[in-house]
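Good morning, and thank you for making time for this presentation.

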Amino acid sequence: MIRTTVTPTAQVRIDHRSAVHLAAETARRTARECGLPGALPDRAAVVASELATNLDKHASDGTLYIQPVPLGEGVEILAADRGPGMAELERCLTDGYTTAGTLGVGLGAVTRLATHFVIRTGTQAGAEAGTWACARLTPPGDRDAALRGVGSVCLAVDGEEDCGDARAVADTGSTRTAAVLDGLGHGTQAAEAAGLALRTFHADPGRPLGELLTGMHRALRHTRGAAAGLLRLHADHAEYCGIGNVRVLALTHQGVQSRLTGQPGVVGWSMPAPHVHRFPLPPGATAVLHSDGIDAGWARDPSPFLLRLPPPLLSAALVHGHRRTRDDATVLTARPPQRHP
């Protein structure tokens, strides 16, 4: 069997001062692996160091999630915590501002060094207290497309190096197609199944979703199999085709508008004829696709704060707050691609 590598998101828990150095080195290595030129890997290390230092000094349960950007080129550094939030967020983003008696370069430096930086903070008590941030560093000339309305986090089960989940997103014409794949079980064999399905996706992501899923079924016949969810976003609606326990939801500021899960079966083993479901996508809606490593209970009554998070921060919040640590866990959040004149 040909081994297809599935690279999960690097997770650095900021539970000790020494984790700041680890975060910086992880960001530098990831940026180099992404092919960022010149001083950009070192800038990524500084951004990660500043975000990690901020978590170490001010937050609780702080974590950095470091990975290639989900769509396009570059590196992404996500920060999440369950701290008290920031009552004066705009002041915290200004160079020289400090609440800890330091030089106060932290978030101001991140704002200057990152190609794109977005941050939200919740100061209310409860599940949404805390701060979420996304810093992306992309190659020169890519500043206007730094976010692209896509977010994702993919984590291996605690104690495993190989991740049995995988995800991908691609733009083809006026549509955006996303996949979340969950190899049965976890570890090396699950990663092999997810990787082969991922390779099938990348071969022709614009194919009709039923054909794409059937191609994955053929490719996975000699593996342990997988669950798969395929999502295609149009300007005003979406299509979903899935097998197994991969969920899709459409969120607006008013709440959850649609929710679907895959048909019973296993891709590669016992797969029924795939059926494509179509559902409306209101203006400004975000589609969420996730494996069963995310507790589905998050969608029963999501807070208004959660519903308003942009896709990268929404992915971080769902993984950080609702992940099942005994399973691989993947979230992919996306909006339709924007049309440029």
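Predicted model: local features only at pLDDT ≥ 70, side-chain atom pairs only at ≥ 80, totals over all residues.

A search of the whole structure finds two cavities of 30 Å³ or more. By cavity I mean, on a 1 Å grid over the protein atoms alone, a set of points where a 1.4 Å probe fits but cannot get out; lining residues have an atom within 4 Å of a point. Grid points are joined across faces, edges and corners, and a volume is the space filled by probe spheres set on the points.

Residues are numbered from 1 along each chain as its sequence is written, and side-chain values use heavy atoms, with hydrogens and water left out.

Let us take the largest cavity. Its volume is about 70 Å³. Which residues lie nearest its centre? They are Asn54, Leu55, Ala79, Thr131 and Ala133, out of eleven lining residues. Helix α2 (40-58) and strand β5 (130-137) each supply at least two residues of this lining. Helices (H or I, at least four residues) and strands (E, at least two) are DSSP runs here, numbered from the N terminus. By class, the lining of the largest cavity has eight nonpolar, two polar and one charged residues. In this scheme Ala, Val, Leu, Ile, Met, Phe, Trp, Tyr, Cys and Pro count as nonpolar, Asp, Glu, Lys and Arg as charged, and the others, Gly among them, as polar.

The second largest cavity has a volume of about 60 Å³. Among the residues that line this cavity are Leu251, His253, Thr286, Leu314 and Arg335. The lining divides into five nonpolar, three polar and two charged residues.

Some of these names lead us to the next elements. Strand β11 covers residues 247-252 and is mostly covered, with five of its six residues buried. Buried means under 20% relative accessible area, exposed over 50%, and partly exposed in between, with a 1.4 Å probe and protein chains only. Strand β11 pairs with strand β12 (residues 255-261) in the antiparallel sense over six bridges; two strands pair if DSSP finds at least two bridges between them. A hairpin of two residues joins β11 to β12, and Arg247 stands opposite Thr261 in β12. Strand β11 also runs antiparallel to strand β14 (residues 286-290), to which five bridges join it. There, Val248 stands opposite Leu289.

Helix α8, residues 311-322, is also mostly covered: ten of its twelve residues are buried. Leu314 is one of the buried residues of α8, and Leu314 also lines the second largest cavity. How far apart are the end C-alpha atoms of α8? They are 16 Å apart, which agrees with the 16 Å that twelve residues should span at 1.5 Å a residue; the expected span is 1.5 Å times one less than the number of residues.

I turn now to a sheet. Five strands form an open sheet in the order β7-β8-β9-β10-β13, with antiparallel pairing. Strands β7 (165-172) and β13 stand at the edges with a single partner strand each, so one side of each is left without a neighbour in the sheet. Neighbouring strands of this sheet are turned by 15 degrees against each other on average, direction ignored; axes are lines fitted to C-alpha atoms, for helices over the stretch in contact, and angles run from 0 to 180 degrees between N-to-C directions.

Within this sheet, strand β8 (residues 175-183) and β9 pair over eight bridges, with Leu233 in β9 as the bridge partner of Arg176. Strand β9 (residues 226-233) and β10 pair over six bridges, and a hairpin joins them through three residues. Here Leu230 has Cys241 in β10 as its bridge partner. Strand β10 (residues 237-243) is mostly covered, with six of its seven residues buried. Four bridges pair β10 with strand β13 (residues 277-280), where Arg278 is the bridge partner of Glu239.

Asp61 lies between α2 and β2 (63-68). Asp61 has a positive phi of about 55 degrees although it is not a glycine. Is Asp61 buried or partly exposed? Asp61 is partly exposed, with a relative accessible area of 40%.

Technical notes:
1 Å grid on protein atoms, 1.4 Å probe; cavity = no way out; pocket = protein on both sides within 12 Å on 5 of 7 lines; lining within 4 Å.
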